[in-house]
Amino acid sequence: PEDYQTFSWPYINQIVEALSPLTHVIAFGKGCWFALEEMTLSKVSALGVDWTITPELARTLTNHTMTLQGNFDPNRLNSSPATITKMVTEMINRFGKDRYIANLGHGILPNIPLENAEAFMTKVVTGCKAINGCLGVFYWEPECYNGWQVYSKGVFDNSGRATSTLN
């Protein structure tokens, strides 16, 4: 924690200060749940949290005032599609519908079956549709084409067509 406070957060916060007048900023520090209280005092629009903190504690540490993004562990996608659906529902329910961005932490691992990734995406989309006031689902994946460094879980194939992940 001390190293993060000394060598990381001050520089992240400089970026936040520079960008916040121009756009919304989401700050994320992997494993940095201990810094959430301080980060809440910055000009960030939202804070990303990983799977090392519970949604309830993240809400408490941010004084229930911050939009939170998180916190599904990508390794959980090794579970069955039915279990993934249940876990995503639990994640959404635990964070609550207000000021929340569902997120798969650090992306889909190369060994994850496509139907498991599809179960995650499907539940996030249907979960959003069921929430009054949901603003939509944003899918971002820089490695979005199959074959990128042996990555084969992209939402687009090499011809540019959407894969079943976007069904």
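Glu-17 counts as partly exposed, at 34% relative accessibility, a label for values between buried (under 20% relative accessible area) and exposed (over 50%), computed with a 1.4 Å probe on protein chains only. The model is predicted, so local features need pLDDT of at least 70 and side-chain atom pairs count only at pLDDT 80 or more, while totals for chains, interfaces and linings use all residues. Residues are numbered from 1 along each chain as its sequence is written, and side-chain values use heavy atoms, leaving out hydrogens and water.

The side chain of Glu-17 meets that of Lys-43 in a salt bridge (3.3 Å, N to O), a term for a side-chain nitrogen of Lys or Arg within 4 Å of a carboxyl oxygen of Asp or Glu. This pair links distant parts of the chain, since Glu-17 is in helix α1 and Lys-43 is in the loop between α2 and β2 (46–48), 26 residues apart. Helices (H or I, at least four residues) and strands (E, at least two) are DSSP runs numbered from the N terminus.

Arg-94 forms a salt bridge with Glu-56, with the closest N and O atoms 2.7 Å apart. Because Arg-94 lies in helix α4 and Glu-56 in helix α3, the pair ties together parts that are 38 residues apart in sequence. Arg-94 also meets Glu-90 in a salt bridge (3.7 Å, N to O), and these two residues, 4 apart in helix α4, are separated by about one helical turn. Through shared partners, salt bridges join Glu-56, Glu-90 and Arg-94 into one network.
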